[in-house]
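Colleague: I am new to this structure and would like to learn how to read it. Please take it one feature at a time.

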Amino acid sequence: MINSSLKTLGQMLAKKEVSSVELTQAFLNRIDTFNPEINAYIALDQQKTLAQAQAADAIIAAGNAGPLTGIPIAQKDIFCASGWKTTCGSKMLANFVAPYDAQVVTQFDAAGAVNLGKTNMDEFAMGSSNETSYFGGVKNPWDFTRVPGGSSGGSAAAVAARLCAAATGTDTGGSIRQPASLCGLTGLKPTYGVVSRYGMIAFASSLDQAGPMAKSAEDCALMMNVMAGFDERDSTSLNREKEDYMRDLNKPLQGLRVGLPKEFFAEGLDAGVGAVIEAAIAEYKKLGAEIVEISLPNTGLSIPVYYVLAPAEASSNLSRYDGVRYGHRAAEYTDLMDMYCKSRAEGFGAEVKRRILIGTYVLSAGYYDAYYLKAQQIRRLIAQDFEEAFKHCDVIMGPAAPSTAFKAGEKVDDPVAMYLQDIYTISTNLAGLPGMSIPAGFSTGSDGKALPVGLQIIGNYFDEARMLNVAHQYQQVTDWHARMPDLPTPQGTK
Amino acid sequence: MEWEVVIGLETHTQLQTKTKIFSGASTAFGSEPNTQACEVSIALPGVLPVLNKEAVNCAIKFGLAVNAEITPRSVFARKNYFYPDLPKGYQISQYELPVVGKGAVTIQVPAAGKNPAYEKVVNITRAHLEEDAGKSVHGAVEGMSGIDLNRAGTPLLEIVTEPDMRSAAEAVAYAKKLHELVQWIGICDGNMQEGSFRCDVNVSVRPKGTDKLGTRREIKNLNSFKFMQQAIEFETRWQIETLEDGGTIQQATVLFNPDTGETRAMRSKEEANDYRYFPDPDLLPLEITEADKARVRAAMPELPEAMKARFESEYGLTAYDAATLTASRDVANYFVATVKAGADAKPAANWVMGAVSAKLNAEEKAITASPVSAVQLASLLKRIADNTISNNAAKQVFEAMWDGEGEVDAIIDAKGLKQVSDAGAIEAIIDEVLAANAAMVEEFKAGKEKAFNALVGQAMKASKGKANPAQVNEMLKKKLGA
């Protein structure tokens, strides 16, 4: 049951083969067993969760169920959820209980989904390994010595370990796709503006976008049907007609033009990962796809550009955490300035501070033109690269991350090595394009561990339905997405 | 050395919208602290701003009223600084691309001493939309500072002038003109006590005849025209004395203390923040089309300049009278209502600017609260026009109406002020006067023109002021064969 697709679970609930309470309890039991080790969840509240499951059962009994009614999912702890502790992985918000719901939370509530809890994440979504979380790292279910990726590491680990049926994530530079790749999931970052950012704690406003993390493309499509949609409370939300992301899943791929950017297969790509991606491309050829070599010449600039723009926005977005109205306030201080300094020094972790400092620097008088303005110009060039590429292909494919999951602690002292984890994903955020990662196989490292590898699919603006179709067709002829890690039974349990 | 003062103004006008500029919270003044602070006003994690279109309409109205360029695509920027009553740690404002560009207003500087009144054009540099901050409340709780975020997010239009003014009088005339204009077009209630209209005044001095601007000091947050006048005069004297004593002026922000009448530096600009402005990624650029402008224009009242021109052409008023009457929309409305109720325009103008204004000023009343309505004034003027009463008698009637003694005709009757226009009665009075003042008649006949006026006076006195003066004049001339 815990391995079933969302569609199957929906059918089981509809046929009353299982109740939402039973299904929810089954996941809660697994969370009890495995979460102490994996640490995928920051906040759990069985009472609230089971109350939602009971309400869902009533909706099902009344015959008013939708596709996700009664299905237990997990919310990344970046989404405000009324009455839930909402920490964003930070000490700054360790005791913050949100008094309102994010639009994404409202949408899942309206769909009758059950919230199992809030998942762990890098502090303020800044990180690629989940190691910057104030609430501790998350273990990769495929190998507990390794990281799950980040920043949506808790959501990724929760889905991979079947501690939820599906989860939400957010992606500012790769935070859905890289952990999806490292944990063997299907994750989708939609076109910027498709999912409302209202109530989603801001990291870099012009790049942040929420999306689903699930076991398959079909599951992601069902999640997208709930998450996507215009919200007048988010000025950057796009007012488009509601679409059905399931509609194209079964279209054949005959004649699909797949672009392979040569820059994605150059130096820096792990050989084992490269081999898996090549095999996946071969599979697509079998499905009727036509391969086109393309170039995204400014790919190499995407990381420097991102590490100017994202910290600039973050330095301003995080100014509200000043200890005045909510959040962490230092216990003792001498005056206002001292209160600001101590509260922020104590409340933020090292990576967050690093980015606030970078952001403050690049926006400062005398540096603004050389950094922020220049980065904005290059950002436009990066978007133009994609515009040109999509004249020659329908989707772009490549690796989602340069390597498989790395060891916990391996990169914590080398921020630049950590930043390079997002080399293949960041440019789509800068362009506002949709991107996804799907399981494409395993690569065995020197220690003999087989670890998942993600294939990235990048689409043109609003092409999510086509990308889901491309992913779904692959998942009809492969079973990488159905593989599940063997979780070691924790000590002290039977 | 003769010095010249150079003055520019930055005015924060609070826009009359029901809700805040980036949220649906109410903007009403005077509520219990933090009862109008929604999740956006408090800047909870995850909240986002949504621009209030009504605030944009206000900005367009202002731009049209001062003949300014309205930027087709303006940008909201974040002004970053930490302050307890600034909940986001940044203020959403406009920086490089403001919604309103260059414009101008014409001001009337009143006569002072032997200097006559004059008109002057003050150029507007820009006007931009921004949100207000909250308030720090000290002392409400022992040993602590409180924060009231009711005002946080209230829409403001900051209007900036060129350094075009050359005296405190010009600055005050501009401020008054702007104050009236924003109320005229209905974008601001003009309430200076509640902070709806606050001026920052940049003052510098330079030797007369030179072009280079001196170092300026900015007088912050002046909320009365009287204080503005005093503050500029003090600041100007202080700067001139400082320079004449061999000192230099440091760029600074100063506050005016109404108790001492002095300005005092608050902080020098060297300590000023680097605000790290950048475009707010939560808001799209503000697009304003020709159609938007046309729609706002169609809903706008007639502007003072247009109304002034119309008063001159339609009512034959002098430029001065037309300007005076259109200095305030309420005064103009009162004047128009008086004319519409049947009064002639010229006497209506004289009475509105004269007796009515004098009484209102003396009693510190607004014209909308005038005890004598426009219709009542018109009926009074009609009684002058139809010779029922003299101008002098009319003044008594006006006073009586002001004091609530009733309507015009009833007061005329009660006070017996009706003018005598009966030719026979007047002739009888004149004959009496001529008989009693033979000496004066002789003087007149000997060529003393003055004697004629004395005889008129005697006749009016004999009629107890009720005789129609024109008739008295005419008949006297006839009798004397003049």
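Modeller: We will go through a helix and then the domains.

Modeller: This is a predicted model, in which local features need pLDDT of at least 70, side-chain atom pairs count only at pLDDT 80 or more, and totals for chains, interfaces and linings use all residues. Residues are numbered from 1 along each chain as its sequence is written, with chains lettered from A and ligands numbered from 1 in the order in which they are written.

Colleague: What span should helix 12 of chain A have?

Modeller: Helices are DSSP runs of H or I with at least four residues, and strands are runs of E with at least two, numbered from the N terminus. The expected span is 1.5 Å times one less than the number of residues. Helix 12 of chain A (residues 369-389) has 21 residues, so it should span 30 Å, and the 29 Å between its end C-alpha atoms agrees.

Colleague: Which residues of helix 12 of chain A are buried?

Modeller: A residue is buried if 20 or more other C-beta atoms, placed from the backbone, lie within 10 Å of its own. In helix 12 of chain A, the buried residues include Tyr371(A), Arg379(A) and Phe386(A). Their cover includes helix 9 (302-317) of chain A and strand 14 (278-279) of chain B.

Colleague: How is chain A divided into domains?

Modeller: Domain bounds come from an automatic or database assignment. Chain A has domain 1 (6-260 + 389-482) and domain 2 (299-378), with C-alpha centres 27 Å apart. Contact means C-beta atoms, placed from the backbone, within 7 Å; 27 residues of domain 1 of chain A contact 23 of domain 2 of chain A.

Note on methods: Buried ≥ 20, exposed ≤ 12 C-beta atoms within 10 Å, placed from the backbone. Contact = placed C-beta atoms within 7 Å.
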